[in-house]
Amino acid sequence: RVAGIAEDITEIKRAENLIIEISGREQRRIGQEMHDGLCQSLTGLKFLSKVLAEKLAAKNLTHESQQVEEIGRLVSQSLTQADVTAKGLFPVELEERGFLSGLKAMAAGVQRVHNVPCLVDGEDAAASVTDPVVSLHLFRIAQEAVNNAVKHGQAKSIRVELTETGGRTTLTVTDDGVGFVRNNKRNGMGMNIMRFRARKIGGVFTIQKNRKGGTTVSCVFQNTERAASLDRTSPPKFGRRKDDEIAL
């Protein structure tokens, strides 16, 4: 029975890894196609509408020119949204320039589309996150937490912070919104995904209501590469409590 249970658990873990791998692959594909297809088409429409508006204005067709300018404005707005979505699905900055650049690009996109200030802090700690798998999982956790803060938490400002002490790295996303809503199905799914990603890098996921309002999401994990550089012979283990994964 024990052997059978162990085999079942192994198969479940394999299935989880396969799902994450396929999901990531599809996100990259869709993001790349959006960038190379939809975004390029919208860029062309934006340019053509500008040229047409100028031609109409030159013929003193002011009303028609203004209508075309409005079309161009809407196309430009759609282009911005599509570009941010494409970069969210396929974070090029994360792969080419590192973890901190990926976070900053994500934060800049949130501010452009939703007009919500999103500050990223922790350059020294981010430099120690070099494993591409860890970087991607941390990035997705931060991305999900920020999106929840904007869409469900109605946040007016968001702070993404990375700190590192003795090989232990902490990602924290804090907002000043309405706080965590337990019965929100989307929040529930998002939490499960974030918790799963934290578990994949050996971390502990927590979500808490702030005393002054808003929510704090955090993921703490042992950065083995950093710990090794600090000559730590045995990485400290996380204590497990019943409220480790969700603290309300």
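Me: What makes up the lining of the largest pocket, by class?

Reply: The lining has 16 nonpolar, 15 polar and eight charged residues. Here Ala, Val, Leu, Ile, Met, Phe, Trp, Tyr, Cys and Pro count as nonpolar, Asp, Glu, Lys and Arg as charged, and the others, Gly among them, as polar. Please keep in mind that this is a predicted model: local features need pLDDT of at least 70, side-chain atom pairs count only at pLDDT 80 or more, and totals for chains, interfaces and linings use all residues. Residues are numbered from 1 along each chain as its sequence is written, and side-chain values use heavy atoms, with hydrogens and water left out.

Me: Why is it called a pocket, and what is its volume?

Reply: On a 1 Å grid over the protein atoms alone, a pocket is an open set of points with protein on both sides within 12 Å along at least five of seven lines, whereas in a cavity a 1.4 Å probe fits but cannot get out; lining residues have an atom within 4 Å of a point. Grid points are joined across faces, edges and corners, and the volume is the space filled by probe spheres set on the points. For the largest pocket that gives about 960 Å³. Of its 39 lining residues, Thr85, Gly88, Leu89, Gln143 and Asn147 are the closest to the centre. The largest share, nine residues, comes from α4.

Me: How do you know that Asp83 and Arg112 form a salt bridge?

Reply: A salt bridge needs a side-chain nitrogen of Lys or Arg within 4 Å of a carboxyl oxygen of Asp or Glu. The N to O distance for Asp83 and Arg112 is 3.8 Å, so the pair meets that cut-off. This pair links distant parts of the chain, with Asp83 in helix α2 and Arg112 in helix α4, 29 residues apart. Helices here are DSSP runs (H or I, at least four residues), strands are runs of E (at least two), and both are numbered from the N terminus.

Me: Why is Asp83 called buried, but Arg112 partly exposed?

Reply: Buried means under 20% relative accessible area, exposed over 50%, and partly exposed in between (1.4 Å probe, protein chains only). Asp83 has 19%, so it is buried, while Arg112 has 47% and is therefore partly exposed.

Me: Which salt bridge joins Asp121, and what does it tie together?

Reply: Asp121 meets Arg159 at 3.0 Å, N to O. Asp121 lies in strand β1 (residues 118-121) and Arg159 in strand β2, so the pair ties together parts that are 38 residues apart in sequence. Asp121, Arg159 and Glu161 are linked in a network of salt bridges.

Me: How do you know that β2 and β3 pair?

Reply: Two strands pair if DSSP finds at least two bridges between them. Eight bridges join β2 to β3, so these antiparallel strands qualify. Thr163 stands opposite Thr170 in β3. β3 also pairs with β5 (residues 215-222), in the antiparallel sense, over seven bridges.

Me: What makes β3 largely enclosed?

Reply: Six of the eight residues of β3 are buried, so the rest of the structure largely encloses this strand.

Me: How many disulfides are there?

Reply: Zero, from a search of the whole structure for pairs of cysteine sulfur atoms within 2.5 Å. Cys39, at 4% relative accessibility, is buried, and so is Cys219, at 0%.
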